[in-house]
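Please look over the sequence and the model shown here before reading the notes that follow.

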Amino acid sequence: MSGLKINGLDKRYRIKDRWVNAVSNISLSIPEGQFVTVVGKSGCGKTTLLRLICGLENADKGSIRLTNGELNTVDRQISMVFQEPRLMPWLTVRQNMLFALHKEKDRNKAGARVDSLLLMLGLTEFQDAYPSQISGGMAQRTALGRTLCFDPNIILMDEPFGALDAFTRRKLQLELVDIFFNHKKTILFVTHDVDEAVFLGQRILVMENGRMVCDQLNKLPYPRNPLMSEFLIVREKIIKTIVDS
Amino acid sequence: MKWVKRFVVIVLIVTAWGFCSGMGLVNDYLLPHPWKIAALVWSLITKGILWNHIQVSMWRVFEGFFITFCLAFPLAILVGMNRLCLELLETPLEFVRHIPPLATTPLLILWLGIGESSKFAVIVLATFFPIFLNTVNGVTRCDNKLIEVGQALGMGPIQRIIRIVLPSALPVIITGMRLGFGYSWRALIGAELLAATAGLGYMIMEAEELARPDIVLVGIITIGTLGHLLDHVFFGLSSRLIPWQEMEQNHVGS
């Protein structure tokens, strides 16, 4: 397991003749095994932050390190669940999960790992289906299973439940909390839904215009109830921070 | 029912042809009765003449197609994955693409002789572009989001090409191969019409010289039938290789 240390991270994009700061001077330390949610309005730089951490884009300035060494995806230290499932259309659900185990030489071991994750995510019955044959919820579950197969130390999640209906979303949120406690991963979860951020995170970061404007611990016990007064207090505080910033 | 529909028009044409021929509405020498053509086909098959010409033509097509694939496929991957290569080769390839392969036949005969090499060269020219352009298209249009998944799962550039880019481009590559195969078949017959000592094109050319329109018709029917059969085989093969595409189409349709 490992945590994350981000120092003075900057990323700018050129749009026509002007430069836009997507991520601006972000410094952050995430201890290993912490569930962190990042919340903010659309376009505040949340996704860019994750893409920089995952190495999908290069930062203009600053550094990203693991608490126990250099950061890279090759050594299974970090991986990402995207906003859309991004499943390979030519592979079945099972093959999509096996896809993450491309480095595993022992195919029996890889198969057993996929089988256990299929069971855990309730996908065993659909393992031979192609992505076009399953629902959005199942596809996102497959994408989560693929990342869990890869078994990274740190999982980055970019609004993975954003396109799902409320029932499926809540079900997957509960499953994710279970996975977090069973697999002991460091999770950085991006969302624009304040309820989701409070429901999931042990720590909530608020971003606005590429900057981190709030960093708050959320000590509510799991499983959380969004109707509890304590939950609503935290939620209101986060909303006020976003509105005020 | 689907199969019946496919043959309705053909049966109607042959019936009309037989009727016109039987009633003496057309010159029997210029357009012999379908039964006479059927009898001639049977006679050419039993004597081994037709099979011999088919074998020669098929061998040329398969060999030419294989050579082309070995040339076009790796080059297309290289060009598709490398922007500089694409820019360097775009103009010369566009120039060559617009030249009909048969227009080069006189030069090819002059350079390579009347033997097999010139015919292979015509097939290569005809088949190259459908395979090359479709493969380049498939490779360059691979969804970058899928490539990012490979990156997020720790795959290197080569692995990303093998495990993501190529499978994603496979439907387009197979379409290119299917088109290329059809083009090579047509180009070969053209080349055999100009210079050959065996093959279906040669059979037609020889029949013209012997004033045998019935044999010309047999040649035409054989070429059409074989082309259709081979295309059907390719289609069946592509359905097996890319089953997910059919599922996607069904899903969109539902």
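Helix H7 (residues 229-244) of chain A lies across strand E3 (35-40), E8 and E9 of chain A and runs at about 20° to E8(A); axes are lines fitted to C-alpha atoms, for helices over the stretch in contact, and angles run from 0 to 180 degrees between N-to-C directions. This is a predicted model, in which local features need pLDDT of at least 70 and side-chain atom pairs count only at pLDDT 80 or more, while totals for chains, interfaces and linings use all residues. Residues are numbered from 1 along each chain as its sequence is written, and chains are lettered from A and ligands numbered from 1 in the order in which they are written. Helices (H or I, at least four residues) and strands (E, at least two) are DSSP runs, numbered from the N terminus.

**Confidence**

- Chain A has an average pLDDT (the predictor's confidence in each residue, from 0 to 100) of 90, and 96% of the residues score at least 70.
- Within chain A, helix H5 (residues 166-183) has the lowest confidence, at a mean of 88, whereas helix H2 (residues 93-98) has the highest, at 96.

**The six-stranded sheet of chain A**

- An open sheet of 6 strands, with mixed pairing, has the order E5-E6-E7-E3-E8-E9 in chain A; two strands pair if DSSP finds at least two bridges between them.
- Strand E5 (78-81) and strand E9 (211-217) of chain A are the edge strands, each pairing on one side only, and the twist averages 20° from one strand to the next.
- Strand E8 (residues 203-208) of chain A pairs with E9(A) in the antiparallel sense over 6 bridges, and Val206(A) stands opposite Cys214(A) in E9(A).
- Helix H4 (residues 136-150) of chain A also packs on the sheet, where it touches E5 and strand E6 (154-158) of chain A, and its direction makes about 175° with that of E5(A).

- Strand E1 (residues 4-15) of chain A is joined to E2(A) by 9 bridges, and Lys5(A) stands opposite Ser29(A) in E2(A).
- In H1(A), 9 of its 9 residues are buried, where buried stands for 20 or more other C-beta atoms within 10 Å of the residue's own, exposed for 12 or fewer, and partly exposed for values in between, with C-beta atoms placed from the backbone.
- H1(A) is followed by Gly55(A), whose phi is positive, near 85°.

- Leaving aside neighbours within four places in sequence, Leu188(A) is in contact (C-beta atoms, placed from the backbone, within 7 Å) with Ile30(A), Val36(A), Val38(A), Leu50(A), Ile154(A) and Leu156(A).

**Contact between chains A and B**

- Chain B and chain A each bring 17 residues to the contact.
- On the side of chain B that touches chain A, H7(B) provides the largest share, 6 residues.

Methods. Contact = placed C-beta atoms within 7 Å.
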